[in-house]
Amino acid sequence: MKPTRLFDFADYQLENYPQKACFRCKENNQWIKISTQEYINKANKVSASLLALGIKKNDKIAVITTNNHPNWHILDTGLLQIGAQNVPLYATLCEKDYAYVLNHSDAQYCFVSNQELYEKVKKVQSSTSIKKVFSLNEFEADASWHAFLEMGTETDRSETILQRKENVLPEDLATIIYTSGTTGTPKGVMLSHQNIVGNVFKTARALDVAGDHKRILSYLPICHIFERAASYYYQYLGYQIYFAESIELLGDNIREVQPHFLAVVPRLLEKIFDKIVDKGSQLTGIKKALFFWAIALGEKYKPYGENGAFYAFKLQLARKLIFSKWQAALGGNLEFMLSGSAPMQDRLIRIFLAAGIPIFEGYGMTESSPAITLNDLRNKGLKIGTVGKPLAGLTVKIAEDGEILMKGSSVMMGYYKNEEMTQKTIVDGYLHTGDIGEIDADGFLKITDRKKEMFKTSGGKYIAPAVLESELKQSRFIEQIMIVGESEKMPAALIQVNFEFAKDWALRKQLDPATILTQERFINRIQKEIDFHNQKFGKWEQIKRFELTPDEWSVAAGHLTPTLKMKRKIIKEKYKNLHQKIYNS
């Protein structure tokens, strides 16, 4: 029987594709495996322990993890099947945000993955409804994972668990996901079982991947709906989920696990590509020439053989000589990568498609559970420069002001304790996405900007920053860029250079890498990059001035959300002196 609730995916896998290694994670440098049956057994132990704690239907449990781990999924299934709700939080939040979300969500218990998080939550516990903080591991003796699982063993609660499972309806609330928030206070998005389950089926139908026992590497934050929905999708198809040790060891884990698919965010793929190009730059002679010839060829790639037979012949050669090495570096088995969360550069999509490692770019948001549209190579279902066509059963239309509106079973239940915002966001059944876009004659959706991020200059001209930023980030000198200029006479840019590349460039030019940001020769080189990319835009859109920021933009320092989107207000505030310098000098 097809799953109708999120915890049904585990039972469905056991019945249809039982795995000896449903989950694998590293312990003491060894991959430890957990079978589908063990997964279910442990989830039932979780349920029993939560019942021993007195958890009732609709009680909330908060979960905070630094790295993805099997115990997160075991806890998730165990609490959902007794009608409780999972409230996942980012590990990067500050204490103030933890206090707000834990309090706002009415969470009764909290599970954390390490000592640092344990201490953070303990500091704010008194201002929340949290009764106890448990560990997902073994670091805190009286609140360890083992101690928690033992709490439910004294009494047989299997009948109660079964009854509670039967009483959970597909339309019941499953989770409250607090948006990481590029602006303002986090909002609690309420998603039902059927919201996410239905979206998983729609995505599975769109991708139509055959064969179980395929390997996946889980590394994006599991508290984000993109990775979370993907994990249910993998369970549904009977895939083996390997958990990356950390983002720093991702490259090593990819080579080791040799995954068949990867979910990626654009910033990560840009970093992968930059490393590939850096290695290519270190080649010499004919090898270097061939490497950059292959990239130039990839930049011209068009799907479905549009470039003709001679291009196909050259591409076959490039794949054999150059791109096969890229495939090997990514494990050798990669069938495709699924990209979401932020806009992907068209150029990168072309190059990776040419390399025989397709990127299927999609579009969605937490409020839509998450996928709305998806590109797919089959049946002329891929168009570079778009985010694909709507998934089956979802309706997408463009409002008069250009905003993308979406309707269907994936639309959230609403925002927790915020009826006013819910009414503003869902009007006549249509979710107002806050994104601006257009639908072409073939039904493909193109995102042109965030409604909230578009701004007018003092001359009354509209500027769409995301389009400019995506173009300029193609420069190897530019790691991050934020377009500014609202109500100012012209658009300008705050730029974080690629420090690694800048250092190598400085050494090649016999300049001091330590002072590179202030050296006129380097600043002129950045200007040259901007002049080149400016050519693609109208005069009113072109970047007239820029300033280089002295430090790296990061999640830890607050510049970026955990999914690597820019926090524009915070960046502007951090560099207000540079902003003033642009417009006041």
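Q: Is C94 buried, exposed or partly exposed, and what is its relative accessible area?
A: C94 is partly exposed, at a relative accessible area of 35%. Here buried means under 20% relative accessible area, exposed over 50%, and partly exposed in between (1.4 Å probe, protein chains only). This is a predicted model: local features need pLDDT of at least 70, side-chain atom pairs need pLDDT 80 or more, and totals for chains, interfaces and linings use all residues. Residues are numbered from 1 along each chain as its sequence is written, and side-chain values use heavy atoms, leaving out hydrogens and water.

Q: How many disulfides are there?
A: The count is zero, taking a disulfide as a pair of cysteine sulfur atoms within 2.5 Å.

Q: New topic: where is the kink in α13 centred?
A: On F323, with a kink of about 50 degrees; the bend is the angle between axes fitted to the seven residues ending there and the seven starting there. Helices are DSSP runs (H or I, at least four residues), numbered from the N terminus.

Q: Which residues of α13 are buried?
A: Y311, L315, A318, I322, F323 and W326. Their cover includes α11, α12 and α14, where contact means heavy atoms within 4.5 Å.

Methods: Helices (H or I, at least four residues) and strands (E, at least two) are DSSP runs, numbered from the N terminus.
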